[in-house]
Amino acid sequence: MPTDTPAFNFVVLALLALDGALCAVATALLLPAHIGAVPFPLSALIGGLVNAGLVWVAQRCTASLRLAVLPLWTWLLTIALMTFGGPGDDLIFADRGVMAYGVLLMIVLGSAPPGWVLWRRRQALAAASTAR
């Protein structure tokens, strides 16, 4: 099967969107990690780097930046859905102290690297269009 076909690219983009949601779940569940008694939210940064990789791969599958951002949108939507209470009013982002702001830290660190990747691509496209 050729890898340039629109059907193949659609399947890859759908899988990247699913990966964005799975990355959000893993990032959120590993967010309250501690080293000793000190909170260490390393998963937020790792989630951002994974998101950057997902967006980079999505850019290789489509020329549209609107479609390339699909893994990031599914990541953000999954994070938003996890802020609501679950059955029995269980909360994923319920912590005390400095980690009460863990969800904000996760959103910033999780969306900044893919935002940078998209910004670089947009700059490259703008430079190429003005060079013509």
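Predicted model: local features only at pLDDT ≥ 70, side-chain atom pairs only at ≥ 80, totals over all residues.
Which residues of the largest nonpolar core touch the most other members?

1. Residues are numbered from 1 along each chain as its sequence is written, and side-chain values use heavy atoms, with hydrogens and water left out.

2. The protein holds 5 helices and 2 strands, where helices (H or I, at least four residues) and strands (E, at least two) are DSSP runs numbered from the N terminus. Their order from the N terminus on is α-β-β-α-α-α-α, and the C-alpha atoms fill a box of roughly 55 × 30 × 25 Å along the principal axes. Of the 132 residues, 33% count as buried, a term that stands for under 20% relative accessible area, with exposed over 50% and partly exposed in between (1.4 Å probe, protein chains only).

3. In answer to the opening question, Leu 16, Leu 31, Trp 75, Ile 79, Met 82, Phe 93 and Met 106 touch the most other members of the 25-residue core. The elements giving two or more residues to this core are α1, α2, α4 and α5. Such a core is a set of buried Ala, Val, Leu, Ile, Met, Phe, Trp, Tyr and Cys residues joined through side-chain atoms within 4.5 Å.

4. Thr 27, placed in helix α1, is buried, with a relative accessible area of 4%. Leaving aside residues up to four places away in sequence, Thr 27 touches Ser 43, Ala 44, Gly 47, Trp 75 and Met 106, contact meaning heavy atoms within 4.5 Å.

5. Helix α5 (residues 102-131) has 30 residues and should span 44 Å at 1.5 Å a residue, which agrees with the 43 Å between its end C-alpha atoms; the expected span is 1.5 Å times one less than the number of residues. Even so, α5 bends by about 30° at Ala 112, with Pro 113 following within four residues. The bend is the angle between axes fitted to the seven residues ending at a residue and the seven starting there. Among the buried residues of α5 are Met 106, Gly 110 and Pro 113, and the buried residues of this helix pack against α1, α2, α3 and α4.
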